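Reader: I'm new to this one. Can you walk me through it, piece by piece?

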Amino acid sequence: METLTLRALKEQVGSQAEAFAVRVQLEQKKQKTTRSGSPFFELRWCDAEDFLPQRIFESDPHFASLPDWSEGEAFEISGEWSRHETYGIEVRQWKPRRLRPSETEALFSGSAERSAFLAQEWQAVRDLVDSLQDPRLRSLGQVFCEQFGDRFRRTAAARTFHHARRGGLLEHVAQMMRAADALTTAYPKLNRDLLLAGVLFHDCGKIWENPVPQDGFAIGHSETGEMLGHITIGIELVNKLWNGLLEAPASQNWLTLDPPSEDVRRHLLHLVASHHGEHQFGAPVVPKTPEAMALHYIDNLDAKMEMFRRAYQEGAPLTPKIHDRVYPLPGNSVVPLPSFLVAAKPAPEREAPSPDPDETPAEPHFFENEEELPL
């Protein structure tokens, strides 16, 4: 039986049941009650790339053993997988098996492809940080990467809607930094150094808000993250790192730099504070500079692109090109138009014969019947 990652499972499974196995960690287990009073378990499985919910009712043969299962344990789940038009991906005749220690270690390491991809994204972040011309922002980014790089690389960007997986924050930030770098070529008056530094630090507080342990995929909780939130933590972290750099001898050269260091710090903090865009979405202050507004939209754009990827993967097909809505996108998702490909140059056509002057030309005809008329 073929073993798939959760992302591959979501991409391959259809309405017809197919036999697959997945190796996953039990991130969450909750016991609930239906409206009629019957108990059931709500599980959330995860691996290095995705997550999958599952509900286990009393009629399931494994229901009685679920109280012995612990969050954080790793299992192999094999069975007949299919996609229900209402309930999403389901598995029948399934068999759970706890992974052996060596199998668990391999699961937490992730696939070779995933590991290589994240290493590539991390190198992209480091290269863009090193490319900053402002020595204050470059030093700040380098110190952050050195001190918090390991935790940053495994943190999730969110809990549900976008990049909600181990390494998701790294994916999100790397793509945003590339987008910000490209945007500054279209809008050269944007402060490139400030914008890229703002991208790096905008979600740095999620290291505490969405922590992921070294030996697992489950997105945890911390008292600091719960009580302060990632924006407040991010502001505090930037100030702490900045003040630490001011104590270094090299910072004496910053006194003569223009713009003044205090202005640079204040503008960077504004980007972190305003990146949610509106008060109703948790921003303590709205964007008040071009860089802050650009950061807000780049953040929103990258999150939405990930939501569309998930919608095509998880939304039930309504037609071959329309998928059912996946919240929080505003409507059903339509399969995107493929990019135009330039065809090979055709062979030269033979010269058409001259028309017969005595033959009446036929009227041009576009549609066979009324049903073919455009709207």
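Author: What follows is a short chat about helices, strands and a few single residues.

Author: This is a predicted model, where local features need pLDDT of at least 70, side-chain atom pairs count only at pLDDT 80 or more, and totals for chains, interfaces and linings use all residues. Residues are numbered from 1 along each chain as its sequence is written, and side-chain values use heavy atoms, with hydrogens and water left out.

Reader: Helices to begin with. At what angle do H3 and H4 pack?

Author: H3 and H4 pack at about 165°, and their axes are 9 Å apart. That makes H3 roughly antiparallel to H4. Helices (H or I, at least four residues) and strands (E, at least two) are DSSP runs, numbered from the N terminus. Axes are lines fitted to C-alpha atoms, for helices over the stretch in contact, and angles run from 0 to 180 degrees between N-to-C directions. Angles under 35 degrees count as roughly parallel, over 145 as roughly antiparallel, 65 to 115 as roughly perpendicular and the rest as oblique.

Reader: Which residues of H3 meet H4?

Author: Ala-119, Trp-122, Arg-126, Val-129 and Asp-130 are the H3 residues. On the H4 side, the partners include Arg-138, Cys-145, Phe-152 and Arg-153. Contact means heavy atoms within 4.5 Å. By class, the residues of this contact of H3 with H4 are five nonpolar, three polar and five charged. Ala, Val, Leu, Ile, Met, Phe, Trp, Tyr, Cys and Pro count as nonpolar, Asp, Glu, Lys and Arg as charged, and the others, Gly among them, as polar.

Reader: What about H4 and H9? How far apart are their axes?

Author: The axes of H4 (residues 135-154) and H9 (residues 261-274) are 10 Å apart, at an angle of about 50°. H4 and H9 are therefore oblique to each other. Arg-136, Leu-137 and Leu-140 of H4 meet Ser-261, Val-264 and Leu-268 of H9. The contact of H4 with H9 has four nonpolar residues, one polar and one charged.

Reader: Where does H10 come in?

Author: H10 (residues 290-314) crosses H9 at roughly 35°, and the two axes come within 9 Å. His-270, Leu-271 and Ser-274 in H9 meet Glu-291, Ala-292 and Leu-295 in H10. This contact of H9 with H10 holds three nonpolar, two polar and one charged residues.

Reader: Now single residues. Is Leu-194 buried or exposed?

Author: Leu-194 is buried, with a relative accessible area of 5%. Buried means under 20% relative accessible area, exposed over 50%, and partly exposed in between (1.4 Å probe, protein chains only). Leu-194 belongs to helix H6 (residues 192-202).

Reader: What does Leu-194 touch?

Author: Setting aside neighbours within four places in sequence, Leu-194 is in contact with Leu-137, Val-264, His-267, Leu-268, Leu-271 and Glu-291. Take Val-264: Leu-194 and Val-264 are 70 residues apart in sequence, and 7.8 Å apart from C-alpha to C-alpha.

Reader: And where does Asp-134 sit?

Author: Asp-134 is in the loop between H3 (112-130) and H4. Asp-134 counts as buried, at 12% relative accessibility. Not counting residues up to four places away in sequence, Asp-134 touches Asp-193 and Val-264.

Reader: How about Gly-168?

Author: Gly-168 lies in helix H5 (residues 168-186). Gly-168 counts as buried, at 0% relative accessibility. Gly-168 touches Thr-155, Ala-156, Ala-157 and His-163, leaving out residues up to four places away in sequence. Gly-168 and Ala-48 are 120 residues apart along the chain, with 9.5 Å between their C-alpha atoms.

Reader: Switching to strands. How many bridges join S3 to S4?

Author: Seven bridges join S3 (residues 39-46) to S4 (residues 51-57), and the two run antiparallel. Two strands pair if DSSP finds at least two bridges between them. S3 and S4 form a hairpin, with four residues between them. Leu-43 has Gln-54 in S4 as its bridge partner.

Reader: What's the strand order in the open sheet of three strands?

Author: The order is S7-S8-S9, with antiparallel pairing. S7 (317-319) and S9 (333-334) stand at the edges with a single partner strand each, so one side of each has no neighbour in the sheet.

Reader: How do S7 and S8 pair?

Author: S7 and S8 (residues 322-323) pair in the antiparallel sense over two bridges. Pro-317 stands opposite His-323 in S8.
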